[in-house]
Amino acid sequence: STGPVGAPGAPGGKVAADPAALANVPEQRRRRRRRKRKRRSLDATDIDFDIQNVYNRLMSQQENGEELPLQDVIQEISTVMLKHIDQLKAQVDNIRYPQGTRENPAISCREIALGHPQYKTGWYWIDPTQGSIDDAIQAWCNMTDTTETCIS
């Protein structure tokens, strides 16, 4: 049940929204937070960092009066780019064919056996949910003709 209707309020003017005030309103949506498997940081494996180092080295050589043939410049940059392409390929292979390590757990022993047929029977890390690597468990993988996952 509701109470009696109250007296009408005073008339109001137009309500104007200040765009600057609206920009400071916090977003009301809930955002789902996920823990990333690995964070990137600026180090020697970052291509921008490596290209900048090559550029700085070549520019200092040029400032010292050394002549830089275009072929040498292309060779230097190509070497850096090919190194990073190889690193990306290794990262993709780790995703496609998990090694069963703590840092790279697989969904099952079968997945390890399919990606690495040379692996022997033993203890491997398994993460059936493939969420965070923090909930991975160690399992005995029987790598025989019929691959089996044994959890104790």
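## Rings and a sulfur bridge

Let's begin with the aromatic rings: this structure holds two aromatic pairs. Keep in mind as you look around that this is a predicted model.

Take Tyr-119 and Tyr-124. Their ring centres are 5.9 Å apart and their planes meet at 5 degrees, so this pair is stacked; the cut-off for stacking is an angle under 30 degrees. How accessible are the two partners? Tyr-119 counts as partly exposed, with a relative accessibility of 24%. Tyr-124 has a relative accessible area of 11%, so it is buried, given that buried means under 20%.

The other pair is made by Trp-123 and Trp-140, and its geometry is edge-to-face. Here the centres lie 5.5 Å from each other, with 75 degrees between the planes. Now find these two residues along the chain: Trp-123 belongs to strand 1 (residues 122-126) and Trp-140 to strand 2, so the pair ties together parts that are 17 residues apart in sequence. Trp-123 is partly exposed, at a relative accessible area of 47%. Trp-140 is also partly exposed, at 32% relative accessibility.

One more ring is worth a visit. Look for Trp-125, because a charge is placed over its ring: the charged end of Arg-102 sits there, 4.5 Å from the ring centre.

Next, let's turn to the cysteines. A disulfide is a covalent bond between the sulfur atoms of two cysteines. How many disulfides does a search of the whole structure find? The answer is one. The disulfide joins Cys-109 to Cys-141, with 1.8 Å from S to S. Cys-109 is in helix 4 (residues 109-115), while Cys-141 is in strand 2 (residues 137-142), so this bond ties together parts that are 32 residues apart in sequence.

The torsion about the S-S bond of Cys-109 and Cys-141 is about -70 degrees, so the disulfide is left-handed. Are its two cysteines, Cys-109 and Cys-141, buried or exposed? Both are buried.

Finally, compare them with Cys-150, which is in no disulfide. The nearest cysteine sulfur to Cys-150 is that of Cys-109, 7.3 Å away, whereas a disulfide needs the sulfur atoms within 2.5 Å. Cys-150 is partly exposed, with a relative accessible area of 34%.

Notes
Residues are numbered from 1 along each chain as its sequence is written. This is a predicted model: local features need pLDDT of at least 70, side-chain atom pairs count only at pLDDT 80 or more; totals for chains, interfaces and linings use all residues. Side-chain values use heavy atoms; hydrogens and water are left out. Helices (H or I, at least four residues) and strands (E, at least two) are DSSP runs, numbered from the N terminus. Buried means under 20% relative accessible area, exposed over 50%, partly exposed in between (1.4 Å probe, protein chains only). Rings of Phe, Tyr and Trp (its six-membered ring) pair if their centres lie within 6.5 Å; planes under 30 degrees apart count as stacked, over 60 as edge-to-face and the rest as tilted. A charge sits over a ring if NZ of Lys or CZ of Arg is within 6 Å of the ring centre and within 35 degrees of the ring normal.
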